[in-house]
Amino acid sequence: MSEQKILVWDAPVRVFHLLLMLSFAGAWFTAELDGWRLTHISLGYTVAALVLFRLIWGVVGTRYARFSEFVPSPRSVVSDLGSLFSKGSEQRVGHSPAGAVAIVLLLALGLLVPLSGWAVLNEVATSWLEEVHELLGTGMGILVLAHIAGVLLASWLHRQNLVSAMVTGLKPGEPGQAIHRSWWTLAVVLLLAVLGFWSLQWRTAAQGGVIGPQQVLAAQQDDREPADNED
Ligand code: HEM
Ligand code: HEM
């Protein structure tokens with residue numbers, strides 16, 4: 001493998017990953033907190049919107065961002081898992097097949113968890129949906145831990161820092177394998193769209209946010225502010 005570093009991950013993929021990490025972590029840690037439901041919902045919707053963006057970018061984006069480049073066959077996953085434990089240099093320029101399985105599942109859950117949360121909120125069905133939402137959310141949390149462990153393990157076994165590659169976009173490779181544009185403008189638009197949505201939800205929090213369940217939040221506020229309602 002060449003020592004030369006080439007651009008592999010474009011800026012939208014890296015900014016997407018950063019925002020997804022933050023939004024998922026925020027939704028996760030606020031899931032059980034009283035008084036934080038609007039934050040939970042807003043960050044959960046952000047996860048879904050980011051995944052929708054990534055689905056489009058997976059079709060029209062740069063080489064290694066495309067699903068056609070990294071969604072693996074079952075055989076390649078098995079041989080990749082095997083290679084984790086062999087000392088051979090199995091470094092890849094794009095996502096590895098085993099890593100890609102976790103990524104595909106994370107993207108799928110990144111839509112299903114918010115969708116089930118939305119259904120709970122809008123009382124689409126009876127209370128079993130709450131269980132489904134909690135189960136899917138917990139499943140996603142476990143998968144995230146497996147993903148982080150897999151990234152760290154692969155980085156250590158293959159002597160390649162995958163984490164810094166996701167930050168800088170650079171990986172060892174041949175110049176001919178590099179992507180040609182980093183698409184920073186699109187990444188900045190993505191960042192501003194997310195920050196704009198968060199700020200809008202923040203500023204309209206007293207009314208339950210621009211996208212938010214008025215009845216549920218109103219009920220929560222009654223719980224939180226009993227003193228205001230007493231006289
Ligand atoms: C907190 C929730 C997290 C979620 C939901 C998540 C999800 C994802 C997704 C969807 C991708 C695919 C990126 C793409 O092609 O667009 C990815 C890749 C990656 N993630 Fe995460 N991630 C999380 C946390 C982390 C953390 C904490 C680390 C650092 C240890 C990390 C390191 C990486 C790396 C290095 C890759 C690229 C893997 C490769 O080289 O094939 N992720 N992650
Ligand atoms: C990735 C995003 C999300 C994750 C990881 C997540 C995770 C969770 C988890 C684990 C719980 C259970 C908390 C408990 O033990 O009581 C929960 C509760 C809840 N979530 Fe989410 N959630 C996400 C997105 C959403 C979204 C987008 C909505 C609404 C649109 C939502 C609405 C709710 C509601 C209403 C509850 C309380 C359900 C109940 O009353 O038991 N969540 N969430």
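# Reading the helices and ligand shells of a predicted model

Modeller: Helix α6 has 30 residues and spans 43 Å from its first C-alpha to its last, close to the 44 Å expected at 1.5 Å a residue; the expected span is 1.5 Å times one less than the number of residues, and helices (H or I, at least four residues) are DSSP runs numbered from the N terminus, as strands (E, at least two) are. This is a predicted model, in which local features need pLDDT of at least 70, side-chain atom pairs count only at pLDDT 80 or more, and totals for chains, interfaces and linings use all residues. Residues are numbered from 1 along each chain as its sequence is written, while chains are lettered from A and ligands numbered from 1 in the order in which they are written.

Colleague: What is the mean pLDDT of the protein chain?

Modeller: pLDDT is the predictor's confidence in each residue, from 0 to 100. Here the mean for the protein chain is 89, and 88% of its residues reach 70 or more. Over residues 227-231, however, the pLDDT is below 50, and beyond near neighbours in sequence this stretch has one contact in the model, a contact being two residues whose C-beta atoms, placed from the backbone, lie within 7 Å.

Colleague: Which residues of α6 are buried, and what covers them?

Modeller: A residue is buried if 20 or more other C-beta atoms lie within 10 Å of its own, exposed if 12 or fewer, and partly exposed in between, with C-beta atoms placed from the backbone. In α6 the buried residues are H133, G137, M140 and A154, and their cover includes α4 (74-84), α5 and α7 (162-168).

Colleague: Why does L200 count as partly exposed?

Modeller: L200 lies in helix α8 (residues 184-203), and it counts as partly exposed because it has 14 C-beta neighbours inside 10 Å.

Colleague: Which residues come nearest to ligand 1?

Modeller: A residue is near a molecule or strand if its C-beta atom, placed from the backbone, lies within 6 Å of it. Of the 23 residues around ligand 1, M21, H95, G99, L162 and M166 come nearest. Two or more residues of this shell come from each of α1, α5, α6 and α7, and α1 gives the most, with seven residues.

Colleague: How many residues surround ligand 2, and which are closest?

Modeller: Ligand 2 is surrounded by 22 residues, the closest being A31, G44, P114, G117 and G137. At least two residues of its shell are supplied by each of α1 (11-30), α2 (37-60), α5 (97-121) and α6 (128-157).
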